[in-house]
Structure formats: C-alpha cells, structure tokens
Amino acid sequence: MQLILSAGGIAAIVLWGLLWPASLGAFFERALALITVNFGWLYLWVVLALVVVAALLAFSRYGDLKLGGEDDEPEFSLGSWFAMLFAAGMGIGLVFWGVAEPLSHYGAPPPGIAANTPEAANAAMRYSFFHWGLHPWAVYSVVALAIAFFSFRRGKAALVSAATESLPWPWVRALSPLVDVLAVVATAFGVAASLGIGALQINSGLHAVFGLPVGEASQLAIIAVTTALFLGSAITGVTRGIKWLSSINLALAALLMATVFVVGPTVAIIDTFTTTLGAYASEFVRMSLRTTPFRDSGWVGGWTVFYWAWWVSWSPFVGLFIARVSRGRTIREFIAGTVFAPTLAGFAWFAVFGGTALHLEIFTGVPIAEAVAADVSTALFAMFDALPMSALLSVVATVLVLVFFVTSGDSATLVLGMMSTGGTPDPKARVKVVWGLLVAGIAASLLLTGGIKAVQTATIVFALPFTLVIVLMTVALWRAVREDWREENRRERELRRRLREMAGTK
C-alpha cells in the first residue's frame, strides 16, 4: 500500500511537470510564498533544537549506549563508514556550492551589509560555514539515530514510523502509514533536487572541457545516462557498489581539495579558515535564529530557510541510509562521526574553494562573481580557469560530481525501496528500478519546470510536513534512550550486587 500511494502520487506530480510545466511551477511558487512567510521561523527553531539534542546525547551519560546488542560490532570500517555517510549526505551539494555560495553572498550579502566589500566577503564565508556546518548534520544525525536505535535495540523495522509508533499517543500511532508516505515523498523530492543540480554542473563541466552545449537536451541526456549507472550500482548492494563508489568519491574529493590548496593562495586559505571558524562560533546563535521582521528581504527565506528545508527533505533518506550502515556503534561515536567530523570536513572544503574564489575575485580581478550571476553551475570551472592545470582540475571535478550523482542515486533507490516495502533491508531489484526511474523523472520534470528555482521551491514545499515528523521522532528518541539507559543501569547495579554476594559467600 505504501509503495502504491507514494509512487503513484510522485508519478502524478512528474506527469504534471512534464505535461504542464508552467502550471506546476505556478503552484509551487504560491506554496513557497505561503511557507516562507508563515513558517520560516519553524525551520529555524526545529533545526537549532536538533543541534542541541545531538550535543546533549553525545556528551551526556547516554553516549555509551550501543546501537545494537552488547556483542554487535560495526559492519564497516571507520573509513568506509565515513565515506558512505558523507557521499550520501551532501556530496553533490558541496561541489556545486563550494564556490557558488560564497560568491553569491559576496555580491548579494545578508541585509545590512554592503555588497562587494570586505565585510561582505567575511559574511559570505561565515554563512557558508553556517549553512553547511553543524545544523544540517544534526538534522541527519538525529533522524538516523532514531531509526537506528529502534531498529537495532528494539527490533523494529527500519522505518521512520518505528520511532513515532513508540509514543504513547494513539493519534500518532494511527498516523504511522502517513508518516512513512511523507518520508518517501520528502526523500524522492530531496534527492531529485540534488540530482537536478548535479546534472546542471556536469553539463557545465562537460561544456568547459569538451564544449558540450549547455541546455535542457544535454541535461536530460546526462540524467538518463547517470540513472542507468546508479541503477546498476544499486542492484549490486551496499557492501559492493555503494561502498566502493563512496570510497572512490572521498579519495577524489580529498585529492581535488589538496590540489587547490597547494596551487591556490595557501596562506589566504588558512587565514580564511581561521577567521571564519571564529566568526562562526561567535555568531552561532544569532545566525541560527535570524529572521528579518522589519525588512522587506527574501534573503533568509531564499538561503537559510531553503537549506534547512533541503536538509529536512533529505533527512529520511540520509537518516535511513546512515542507520543501515551504523549498527554496533555507540551513540557518542555515531554523533562524532555524523555531526562533528563531517562538519569540519565541510569547513575545510569551503575554506579551500570559497576562500580561493574570493581571493581571486578581490585581489586579482578574476570575474568569478560575474560567472555566478550568469549561471551558478559554472562557478567552480570559472575559478579553475584562473589556476594552473585548469583543464585537469575541471575533468576531475566533473568526474567527482558524476560519481557523487551515482552514489546519491544508488543509495536513494535502496532507501526508497526499503521505506516502501516495510523496511526490507535488501529490496528487490525491480523495486529499486521503479524508484530510480521515478527520482530521475522528478529531476527532469523540475528542470523543465524552471531549473534550480523550481528545484528549490519543490524542496521547501515538501519538507514542511516532514519537519513535524522529525519533532515527533526526536521526542520518541529521547524517551527511548532515557528508558534504555535506566534499564542498563539497573542491570549493572544488579550484577554488581550479585558479585558482592558471591564474594561474601567465599
């Protein structure tokens, strides 16, 4: 039933976008205006609360609880585990926005800051750290932890509803089928958003290297080819295709970042990282709760609210996938690996790519901001044109986006298959194929409807109802963690009592 409802609804939206793209675009525009004006504050408060919950769980007495039995050991090595969660979490996005976002903020900074000034450059880096730092990974981590906790410790199915069903309120349990359908819809549109963005950047990379025309025909062809690739990978399973591709991805990303760090303005990059990290820490709370009630500005809605909605829409997919590969790890180890480590990796990425691009724009006059204003998907390649080995860097970046595209697509088809078949750990190949084709169809439909703007709009619209689901999952997780800790503590006290009694009888 879940498969029929979710897949049928998504297929109807895909057909709507393909047959009447203007109508679908107008609908999303109206929905976007309603949500950003009336519910932007909700995203800000919920996501900040998830950061606090993740920190409390990591540093509290609950951190020693294991996701599984006492004898369970992690299925994957630390390196493979991190590679898979990082590739699934935000691989394409980092490559796409690593240059484009800082330069976008530099030319159109937050309200109250003059454009194209040193203050704008500092704000650009600070908000890039903010949008890709602790907040998104906390969203992923708490959702993943809830699914993993109830799956590995309580023996429940690997579904979002497994957490909400534990709550003592009958009305929540009655909504379990709807919760799982919302998770599927949010996942499908969130993943499609990133696949659409990936197609745009692959098109720009192939244009920069091989002169491939930039346009809808090229982008649709790229989606078709990459869909075939990620379906082939998905069918091979987690322990082979997904793990191998994720490891290759992480190595490629590290190589590309190290190369830009060396051939770019190295000292400026280090200074950028240091200064921005301090500014991020000092402005953390203000940025987390910033709205513009006394300004007629869409900046917060267009950036922060969009990002928070994007992470929310990705959270059931990334959460279930991270949960699937995290059995046997403690809560403290889990949060360290899914929040703190990837946050530092993202900071390093933006310092290298965003710092280099801003340095070239400000001190050498390379028109990267102009390229961003014309087409954000070309930003990375415009920066490469000003560096040594530009052609090689463009090729590596294009391959990196392609592999990230495949890893996101294959892990998404696995997760969508799991969610739509009652939590089956290894869905049948035909189920994965159906979901792969539907996700590719959504990406194509959104691109035809209006490119990146349509992708962003659809993401915010479909993330709103799932935000409330995440609140319920967080409450359920906290209650369950507290109950299990008390039970383990009681057993330990009982064991110590028995040992004392045995010692006293000798």
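**Ground rules**

I'm working on a predicted model, where local features need pLDDT of at least 70, side-chain atom pairs count only at pLDDT 80 or more, and totals for chains, interfaces and linings use all residues. I number residues from 1 along each chain as its sequence is written, and side-chain values use heavy atoms, with hydrogens and water left out.

**Helix α17**

For helices I took DSSP runs (H or I, at least four residues), numbered from the N terminus.

Buried here means under 20% relative accessible area, exposed means over 50%, and partly exposed is in between (1.4 Å probe, protein chains only).

I also looked at both sides of this helix. In the loop between α16 (379-384) and α17 sits M389. M389 has a positive phi of about 60 degrees although it is not a glycine, and its relative accessibility of 45% makes it partly exposed. Just after α17, G422 has a positive phi too, about 75 degrees.

**Another positive phi**

I noted N116 as well, in the loop between α3 (78-107) and α4 (118-131). Its phi is positive, about 60 degrees, and N116 is not a glycine. Most residues other than glycine have a negative phi. N116 is partly exposed, at 49% relative accessible area.

**The core**

Which residues have the most contacts inside the largest nonpolar core? I wrote down W97, F353, M383 and F384, in a core of 174 residues. Helix α18 (residues 429-505) gives the most to this core, 23 residues. A nonpolar core is a set of buried Ala, Val, Leu, Ile, Met, Phe, Trp, Tyr and Cys residues joined through side-chain atoms within 4.5 Å.

Leaving aside neighbours within four places in sequence, F384 contacts L256, V260, F353, S390, L393, S394 and A397. Contact means heavy atoms within 4.5 Å.

**α2 against α13**

I checked how helix α2 (residues 21-59) meets helix α13 (residues 299-324): their axes come within 9 Å and cross at roughly 60 degrees. The axes are lines fitted to C-alpha atoms, for helices over the stretch in contact, and angles run from 0 to 180 degrees between N-to-C directions. On the α2 side I listed T36, G40, Y43, L44 and V47, and on the α13 side T304, V305, W308 and A309. These residues divide into 6 nonpolar, 3 polar and no charged. Ala, Val, Leu, Ile, Met, Phe, Trp, Tyr, Cys and Pro count as nonpolar, Asp, Glu, Lys and Arg as charged, and the others, Gly among them, as polar.

**Spot checks on single residues**

Is I335 buried or exposed? I335 is buried, at 0% relative accessible area, and lies in helix α14 (residues 331-363). I have I335 touching A54, L57, A58, S141, L145 and F340, not counting residues up to four places away in sequence. S141 is 194 residues from I335 along the chain, yet their C-alpha atoms are 6.5 Å apart.

I248, in helix α10 (residues 238-263), is partly exposed at 46%. Its C-alpha is 8.3 Å from that of V403, 155 residues apart along the chain.

I looked at H207 in helix α8 (residues 176-210), which is partly exposed at 41%. Apart from neighbours within four places in sequence, H207 contacts L212 and V214. H207 and F76 are 131 residues apart in sequence and 38 Å apart, C-alpha to C-alpha.

Last entry: R173, in helix α7 (residues 170-174), partly exposed at 37%. I find R173 in contact with E165, L167 and P168, leaving aside neighbours within four places in sequence. Q219 is 46 residues from R173 along the chain, and their C-alpha atoms are separated by 42 Å.

Note on methods
Helix = DSSP H or I, 4+ residues; strand = E, 2+ residues; numbered from the N terminus.
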